[in-house]
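Open your viewer and get ready to select a few places one after another. Here is a short tour for a first visit.

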Amino acid sequence: MFVSQIIIDGFAISALYGLGAVGFTLMFGVSGVLNLAHGATMLVAAVVAWLVADRLGSLGGAFAGVLAGVATAFGTYFCVVRPIQRSRAIPREETEIFVLTGTLLWGIMLQEAVAYFTTTSPHTVRPLIAGVTEIAGVRTPTNEILTAILCWAAIGGLWLLVNRTRAGKALLAASVNPRGLTLLGYELSNIYLLVWAIYGVLAGIAGVLLGAFLGVSSDNAGTLTASAFSIVVLGGLGSVSGSLIAAYCVGYLETLTSYMISPSFRNIPALILLVAVVYLRPQGLLGRR
Amino acid sequence: MSRLIRSRLFWGALGLVLIALLLPLGVSGYILGVLIPAYYFAVFAMSWDLLFGFAGEVNFGPTFLVGLGAYGAGILDAQTGLPISVCVLFGALLAVVGGLLLALPALRLSGPYFGLITLVAVLLLQQMVTVFAHVSGGEIGLTIPDVLSIDDATNYYFALGFMIVSALVLFGLSRSSAGLILQACGQDPVEAQALGFNVAKHKVAAFCVSALFSGVSGALLVFYYGTASPGTVIDIAVGVQVIIAAVLGGRRTILGAVLGAVFLVAAGEILRPLGQLSTFVVSAFALVVILLVPAGFLGTLLYRRASR
């Protein structure tokens, strides 16, 4: 009973972590951008879903939330990332740190805007499905099961897109060798637009589901970014399957700690694991150097 | 040309120092109260600039070093009541140990990986403060029995003096041959090594110096406030402010960080009527500066005429 509870709760949390981290790692793999406004993007999606759900019901809310995620992603790209990448005053080798600082500031702006309009108190998005289902003797909210299913559906959709469509294969190629791709006649900036769109959808879905499952508050946008960042580094920057494995490691480690020891120690073992892995194997579990 | 720039910088700095020295004669205690933390803050930003601008280490967790110094000094004082100087020394020592701990992974990792380690270090420290709440005061904060002084002017001159000494040491270091070697190590470690410089030694030294100043400054800040809480010395948001201050002022200038820090703190204070929106406005301004004049305040002033 106790064990199955940990297994079920850990599974749902981990799936959510996985979805949250996949967009982040995809973005880094394809365009080399570490988007520190990631948590804020998820936050915006969740808060929009929460606001709209009051008028249009939970399905309409979820849809609006995902749209908001895409809009935020494009906003990040056009207002922050692209100007920095094209700026002549910024030396090439320092672009990375400028993108990091720029997206960090942008994330703070988004977070403060959300706090201004909807206060800093936590909001819980109306769940898509109400009710409780019993799995192996554990009473589980149906929404938790749906969350896990939707996360995996989104990740599966991404897999299909990347491996089975032409545009997706171009994405994959851009992550391996962007110059080669341009030689084949692909416009790299279109690829970047596509990856930001996909990123927005993934972060939007993750944000809405997170908002319905755990609730979000504008105060934890930074924590969300940090956990996505650490999962992604643990799995290996740019590796989608590595991120998923890492998400499950972290998710179960956190669930185990909060059930067995105390919820206040929740993320300490995961942080220590992260330091150990990064120190012993800097490229992460499945990363390439 | 280089002499001209140097003298311009020198006269500018001298003028600002004079204004700062005369300030307590003319302005209210309120303004001094705003400036005192700003000066300590400036030291955080300068130490960060030494690590990032010169050693090339992306340190997302300046508050790890600051927090160690602050809490080391604060807890020692609260537990034993030793004199302030001993507590500050202990805090500084703790921060240097923390700096060494950060330096170890920095020698092996680079870029985002090291950045993450520093971020995690801050999160772990914050967790430790929460977990050992009976010693550290937890989220609410630690109350410290001793303060530096209750007189505004004394506190002000102490903070100003400390900042000037730190600025002189850090700036001198950055312009010395050691600073040049450090810069070389940050930009191209392989080549620096090929020229016969000990990259590891210089980087470790940079971490120690940065940690020393961050730690002492954190400890002094705690003795000014009379309290230490994660929200003022450890939280990632504070670290972000330090980074913004250094980037705004101009990377690789050390002294620019002072301008950035004073500007940030003052802007936060002036925009206070905007309430929650003030952080938004300050971040937006910083973003615009980064996009339009990436060299920052001092960088733009000094190197505008250089070939760019």
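Which residues in α4(A) meet which residues in α7(A)? Select N143(A), E144(A), T147(A), L150(A), C151(A), A154(A), L158(A) and L161(A) in α4(A); they meet I198(A), L202(A), I205(A), L209(A), A212(A) and F213(A) in α7(A), where contact means heavy atoms within 4.5 Å. The residues of this contact divide into 11 nonpolar, two polar and one charged (Ala, Val, Leu, Ile, Met, Phe, Trp, Tyr, Cys and Pro count as nonpolar, Asp, Glu, Lys and Arg as charged, and the others, Gly among them, as polar).

A word on what you are viewing: this is a predicted model, in which local features need pLDDT of at least 70, side-chain atom pairs count only at pLDDT 80 or more, and totals for chains, interfaces and linings use all residues. Residues are numbered from 1 along each chain as its sequence is written, chains are lettered from A and ligands numbered from 1 in the order in which they are written, and side-chain values use heavy atoms, with hydrogens and water left out.

Of its 30 residues, 24 are buried, so α1(A) is largely enclosed by the rest of the structure; buried means under 20% relative accessible area, with a 1.4 Å probe and protein chains only. Just after α1(A), find G32(A), with a positive phi of about 70 degrees.

Finally, go to S217(B) in helix α10 of chain B, residues 199–225. S217(B) is buried, at a relative accessible area of 0%. Not counting residues up to four places away in sequence, S217(B) touches Y40(B), V43(B), F44(B) and F162(B).

Notes
Buried < 20%, exposed > 50% of the residue type's maximum accessible area, 1.4 Å probe, protein only. Helix = DSSP H or I, 4+ residues; strand = E, 2+ residues; numbered from the N terminus.
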